[in-house]
Amino acid sequence: MSIRAQDVVPISEARARLTELSDEVVGGAEKLLTKNGAAYVALIDARKLDYYHALEAEHASLVLLAEADVALRELAAGERVSSDALMQALADR
């Protein structure tokens, strides 16, 4: 969803309109609050925030699985390093 001009609200104005802005957000809008003319925080529906957190956790799991897959492929190909060699390489840094 793209942010429209009416969705950008100075934080000073948002203080007075918090209930109204909250109702708009629950209705599907997202609000970008600005401070001194720069983006500061966003108001989003709590369900969307939960969804975003679930996506973030899923992404982290996929990254870990991809790394594990690479490691297993390297191990299967005989491309492994002993713990002593690893420690030495780290010490040489």
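## Exposed or buried: a starting point

A residue is called buried when its relative accessible area is under 20%, exposed when that area is over 50%, and partly exposed in between. Met87 has a relative accessibility of 54%, so this residue counts as exposed. Please keep in mind as you look around that the model is predicted.

Where does Met87 sit? Its place is in helix 4, which covers residues 83–91. Met87 also belongs to a nonpolar patch on the surface, together with Val81, Leu86 and Leu90. Taken together, these residues have about 400 Å² of accessible area.

## Salt bridges across the structure

Side chains of opposite charge can pair when their charged atoms come close. How many salt bridges does a search of the whole structure find? The search finds 8.

One of them links Glu30 with Lys48, with 3.2 Å between the closest N and O atoms. Glu30 lies in the loop between helix 2 (18–26) and strand 2 (31–35), while Lys48 lies in helix 3 (residues 46–76), so the pair ties together parts that are 18 residues apart in sequence. The two partners can also be described by their accessibility: Glu30 counts as buried because its relative accessibility is 11%, and Lys48 is partly exposed, with a relative accessible area of 26%.

## Two further pairs

Arg47 and Asp45 form a salt bridge as well, and their closest N and O atoms are 2.9 Å apart.

Another salt bridge joins Asp69 to Arg73, with the closest N and O atoms 2.9 Å apart. These two residues are 4 residues apart in helix 3, so about one helical turn separates them. Asp69 is partly exposed at a relative accessible area of 35%, and Arg73 counts as exposed at 57% relative accessibility.

Elsewhere, salt bridges that share partners bring Asp7, Glu13, Arg17, Glu20, Glu24 and Lys31 into one network.

## A closer look at Lys31

Lys31, a member of that network, lies in strand 2. Is Lys31 buried or exposed? With a relative accessible area of 2%, Lys31 is buried, because buried means under 20%.

What does the side chain of Lys31 make a polar contact with? The partner is the side chain of Glu24, at 2.5 Å. Leaving aside neighbours within four places in sequence, Lys31 is in contact with Gln6, Asp7, Val9, Leu21, Glu24, Val25, Val41, Ala42 and Leu43.

## A pair of rings

The structure holds 1 aromatic pair. The ring centres of Tyr51 and Tyr52 are 6.3 Å apart and the ring planes meet at 50°, so the pair is tilted. Tyr52 counts as partly exposed, at 36% relative accessibility.

## From Glu67 to Ser12

At 53% relative accessibility, Glu67 counts as exposed, because exposed means over 50%. How far apart are the C-alpha atoms of Glu67 and Ser12? They are separated by 46 Å, and the two residues are 55 residues apart along the chain.

Definitions and conventions
Residues are numbered from 1 along each chain as its sequence is written. This is a predicted model: local features need pLDDT of at least 70, side-chain atom pairs count only at pLDDT 80 or more; totals for chains, interfaces and linings use all residues. Side-chain values use heavy atoms; hydrogens and water are left out. Patches are made of residues with over 30% relative accessible area and no salt bridge: like charges are joined within 9 Å, nonpolar side chains (Val, Leu, Ile, Met, Phe, Trp, Tyr) within 5 Å. Accessible areas come from the Shrake-Rupley method with a 1.4 Å probe; for residues, only the protein chains shown count as cover. A salt bridge is a side-chain nitrogen of Lys or Arg within 4 Å of a carboxyl oxygen of Asp or Glu. Buried means under 20% relative accessible area, exposed over 50%, partly exposed in between (1.4 Å probe, protein chains only). A polar contact is a pair of N or O atoms within 3.5 Å; within protein, one must be able to donate a hydrogen and the other to accept it, and residues adjacent in sequence count only if both atoms are side-chain atoms. Contact means heavy atoms within 4.5 Å. Rings of Phe, Tyr and Trp (its six-membered ring) pair if their centres lie within 6.5 Å; planes under 30 degrees apart count as stacked, over 60 as edge-to-face and the rest as tilted.
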